[in-house]
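Trainee: I have a new structure to look at today. Could you walk me through it, one question at a time?

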Amino acid sequence: MSFFKKIFSSEKKETLDKGLEKSKASFFSKLSKAVAGKSKVDDDVLDDLEEVLISSDVGVNTTLKIIDRIEARVEKDKYLGTEELNQILREEIANLLSETNEEDATDFVVPKNKKPYVLMVVGVNGVGKTTTIGKLSAQFKKKGLKVVLGAADTFRAAAIDQLQVWADRVGIPIVRQEMGSDPASVAFDTLNSAAAKDADVIIIDTAGRLHNKVNLMNELTKIKRVMQKVVPDAPHDVLLVLDGSTGQNAFEQAKQFTLATEVTSLAVTKLDGTAKGGVVIGISDQFQIPVKYIGVGEGIDDLQVFNKFEFVDSFFK
Ligand SMILES: Nc1nc2c(ncn2[C@@H]2O[C@H](COP(=O)(O)OP(=O)(O)O)[C@@H](O)[C@H]2O)c(=O)[nH]1
Ligand SMILES: [Mg+2]
């Protein structure tokens with residue numbers, strides 16, 4: 001298939017391959033058990049395949065779609081060998097994702113006509129928001145963009161300090177206030193300060209306490225409203241960070257957050273060290289919101305622009 005031939009840097013590929021190692025190992029061992037002793041894809045194999053996909057965190061809806069497609073191929077080609085199953089799965093998953101999603105970005109970029117570009121990062125505690133912001137800032141800075149961070153997760157002192165550590169590491173300014181101060185006020189300050197600095201990108205960290213949807217909604221709405229006093233069309237992007245290692249819980253969080261606020265893109269973190277990488281396939285299929293970034297480690301370079309073809313390619317290789 002031509003899209004698998006798209007060139008992507010070997011460094012990026014290596015990091016992705018390594019990040020998906022556990023998911024792949026688990027998936028393929030389950031898959032090989034499912035087809036053990038069978039030469040042909042029959043109803044039993046399809047049933048087992050369904051179980052393999054669901055237990056690999058692809059999600060029920062996406063699994064059913066994939067099974068339908070494989071069934072259709074079995075219909076056409078009465079004798080579909082199990083040794084071809086891997087290739088067919090890879091093709092059908094790639095096709096499925098390409099139908100439901102827009103073109104993937106290929107690099108870390110922000111639209112040129114939005115300056116400053118305001119990115120608000122949301123998600124529950126511990127999913128990797130601050131880390132993702134740090135990694136993302138480093139990438140933007142590499143591109144020559146001036147980045148300013150806003151520490152609007154004022155709920156815990158450690159959260160502010162952690163963002164400070166990233167700002168120092170990347171070498172970019174951060175706007176912060178005392179712990180417990182109003183997040184909207186921090187966001188307001190950040191946008192003002194960034195305007196004075198002629199910043200290209202502003203990234204606002206938030207505390208995504210999900211214990212109460214109404215509170216969360218009110219807090220995020222207030223931050224947005226206040227930011228709009230400085231930059232009328234802010235935020236340009238609301239990035240929801242999901243922890244991929246939580247599997248189906250990540251789906252649940254995506255549902256909750258999209259009800260509480262308008263989410264425009266997704267980042268799925270911690271794909272390294274988990275066997276639940278299949279969750280990206282499901283999330284990418286189920287939500288009408290593009291997965292923009294994936295986290296494949298704790299290091300500064302361990303954030304990738306998500307490309308579904310690279311992902312599927314790496315997963316099934
Ligand atoms: N292995 C791994 N760990 C990650 C990744 N992203 C974040 N983390 C770790 O997850 C923990 C929580 O991250 P943090 O950024 O503080 O989450 P926040 O509470 O949403 O801001 C930290 O220990 C991070 O180092 C990732 O892609 N891979
Ligand atoms: Mg944080």
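Trainee: Let's begin in the sheet. How many bridges join β1 to β5?

Mentor: Happy to start there, and keep in mind that this is a predicted model. The two strands, β1 and β5, run parallel. One place to look is Met120, which stands opposite Val238 in β5, and another is Val122, opposite Leu240. The number of bridges joining β1 to β5 is 4.

Trainee: Which strand does β5 pair with over 5 bridges?

Mentor: Find Leu239 in the model and look across from it: Ser265 stands opposite. That serine belongs to β6, a strand covering residues 265–269. The pairing runs in the parallel sense, and the partner over 5 bridges is β6.

Trainee: And in β4, what is the bridge partner of Val121?

Mentor: β1 and β4 also pair in the parallel sense, over 5 bridges. Val121 is one of the residues pointing one way from β1, together with Tyr117 and Leu119. Its bridge partner in β4 is Asp205.

Trainee: In what order do the strands of the whole sheet lie?

Mentor: There are 8 strands in an open sheet, and the pairing is mixed. At the edges are β3 (174–175) and β8 (303–305), each of which pairs on one side only. Reading across, the order is β3-β2-β4-β1-β5-β6-β7-β8.

Trainee: Which strands does helix α10 touch?

Mentor: Helix α10 spans residues 248–260 and packs on the sheet too. Its direction makes about 155° with that of β5. The strands touched by α10 are β1 and β5 (237–243).

Trainee: Is Ala152 buried or exposed?

Mentor: Ala152 has its place in strand β2, and it touches Pro183, Val186, Ile204, Asp205, Thr206 and Ala207, leaving aside residues up to four places away in sequence. Because its relative accessibility is 0%, Ala152 counts as buried.

Trainee: How many residues of β5 are buried?

Mentor: Look at both faces of the strand. Asp237, Leu239, Val241 and Asp243 point one way, while Val238, Leu240 and Leu242 point the other way, and all are buried. For β5, then, the count of buried residues is 7 of 7.

Trainee: At what angle do the axes of α8 and α9 cross?

Mentor: Helix α8 covers residues 183–196 and helix α9 covers 213–227, and their axes come within 8 Å. Pro183, Ala184, Ala187, Phe188 and Leu191 in α8 meet Glu219, Lys222, Ile223, Val226 and Met227 in α9. These contact residues divide into 8 nonpolar, no polar and 2 charged. α8 passes α9 in a right-handed crossing, and the axes cross at roughly 25°.

Trainee: One last question: why is helix α11 largely enclosed by the rest of the structure?

Mentor: Helix α11 runs over residues 279–286. Its buried residues are Val279, Val280, Ile281, Gly282, Ile283, Ser284 and Asp285.

Technical notes. Residues are numbered from 1 along each chain as its sequence is written. Chains are lettered from A and ligands numbered from 1 in the order in which they are written. This is a predicted model: local features need pLDDT of at least 70, side-chain atom pairs count only at pLDDT 80 or more; totals for chains, interfaces and linings use all residues. Side-chain values use heavy atoms; hydrogens and water are left out. Axes are lines fitted to C-alpha atoms, for helices over the stretch in contact, and angles run from 0 to 180 degrees between N-to-C directions. A crossing is left-handed if the near helix is turned anticlockwise from the far one by less than a right angle, and right-handed if clockwise. Contact means heavy atoms within 4.5 Å. Ala, Val, Leu, Ile, Met, Phe, Trp, Tyr, Cys and Pro count as nonpolar, Asp, Glu, Lys and Arg as charged, and the others, Gly among them, as polar. Two strands pair if DSSP finds at least two bridges between them. Buried means under 20% relative accessible area, exposed over 50%, partly exposed in between (1.4 Å probe, protein chains only).
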